[in-house]
Each structure stands twice: as structure tokens, then as C-alpha cells.
Amino acid sequence: MNMVYHYGMRVLYEQSGRIQQKARTRDALIAATRRLLSEGRTPTLESAAAAASVSRTTAYRYFPDQRALLVAAYPHIEVRSLLGPEPPEDVVARLAIVADDQTRRILTFEPEMRAVLRLSLEDDPGRAPELPMNRGLRIGWIEDALSPLTGQMPSNHLRRLINGIGATLGIEAFVWLTDVARLSRDEAVATMKANASSLLRAALADARGEEALECRPPDVSRK
């Protein structure tokens, strides 16, 4: 159900009266916001309203402020798994699916993601709506991909691995690689995928090494 946030309260404006027309108006405001972002502009409610050919007053019925507008323009996804109905058993292949999805979404929606990242740097945790990157979906997708490792390595090691991979696959890493390291967008994506894969492969190698040590017979040659 689509909600409108107004001073921390959800208003059911979009769910009353001419619902389909209101949905089209909301979609037009979001499309206008994305168009302005793609042009390198940070939309205000007023500029988005003008670009969508609706009045400023109408725009405020859907979004109480710029923050809510930018959050709505973010490419939301609600699925709890990215692996499909028949996921592979191999954990490296499972992570590759998540990495491909994450980086493809960044390339497609870079302006929207950058806008919400800027919001996160000045975020007030008490405000609504909650920012998409604070909802833990990325970590949840990685947990799902690495779920075959549960019980195969210490839980604290697995948690550290999940968080480390999460840090490599977000818009945050992409911005650093493109803006600071000056990589091309394709190079940045390739680096992100390689880093995620390297972290997983190193953790698997460590786990195999520890298992081999545990299975090795005791050395009695020195006794």
C-alpha cells in the first residue's frame, strides 16, 4: 500500500477517491524527479511539480518535503531473495547472482542512489520515511546467498564476511571508486564484484585450512 508521510504520520490520501488518477500523478512526480536527477539537478518539490505539470499544492499532497520525494524515486525492491526459484548450491555462484544484481541496479539508478546517499550523510534517525539503505535489504540478500555456510564456519566469522561483502557492493563503494579513485563506471563495477568474490574465496580457503588442521593427526615425531 502506497503511503504519504506527513510530519511522521502516514496519510491515506492516495487510497481515497480517484485512486488510479492519484497513482498516475504520483508516478508522474517520481518520473519527473528521476529525469531531473539524470540531468545532474537535485529536484525540489517545486521543480518536480513543474516538470510533472502538476501544481505545487498537489505535489505536497503526495510528498511533504524533498526528502520524501527523493526516497520515493529510489529504486525500491521488496524481495527477500535475489536467487530465483532454483538457486545454485555453490555459494560462489550464489554470491555472483547478488553481485550482478546490485551492480546492475547501481548502473541503472545511479542518480537516484546518489541522492539518497547524500540524505543518509545528513540523516536524522527520528525522521520518516526510513531511508532504503538503512533497511538492511542488501545484507539480507548476502545472508541468503551465503546461507549454505551456516555451521561451516564460526558465526562471528560469517557475520564479519557478510558485512565485509556488503561494504563492497553498495553505492557507497561505487561513489568512492568513481569519484575518488577515478575509475570508469564499468571498472568500478568490475572492482566491486572482484572484491566481493575475493572476500568470499579467502574466507572459504581459511575455513578449509582450519578444517585440515583439525583433521591432521598429531605429530609424534618429536616425542
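**Exercise 1. Over which residues does pLDDT stay under 50, and how many contacts beyond four places in sequence does the model have for them?**

The structure is a predicted model, in which local features need pLDDT of at least 70 and side-chain atom pairs count only at pLDDT 80 or more, while totals for chains, interfaces and linings use all residues. Residues are numbered from 1 along each chain as its sequence is written, and side-chain values use heavy atoms, with hydrogens and water left out.

Step 1: pLDDT, the predictor's confidence in each residue from 0 to 100, has a mean of 83 over the protein chain, and 80% of the residues reach 70 or more.
Step 2: Residues 1–11 are the stretch where pLDDT stays under 50, and for them the model has 25 contacts (heavy atoms within 4.5 Å) beyond four places in sequence.

**Exercise 2. Determine how far helix α4 is enclosed, and by what.**

Step 1: Helices are DSSP runs of H or I with at least four residues, numbered from the N terminus, and α4 covers residues 66–73.
Step 2: The buried residues, including Arg67, Leu69 and Val71, pack against α1 (19–38), α2 (45–51) and α6 (110–121).

**Exercise 3. Describe the setting of Arg105.**

Step 1: Arg105 is found in helix α5 (residues 91–108), where it is buried with a relative accessible area of 12%.
Step 2: Setting aside residues up to four places away in sequence, Arg105 touches Pro75, Ile77, Glu110, Met113 and Trp141.

Methods
Helix = DSSP H or I, 4+ residues; strand = E, 2+ residues; numbered from the N terminus. Buried < 20%, exposed > 50% of the residue type's maximum accessible area, 1.4 Å probe, protein only.
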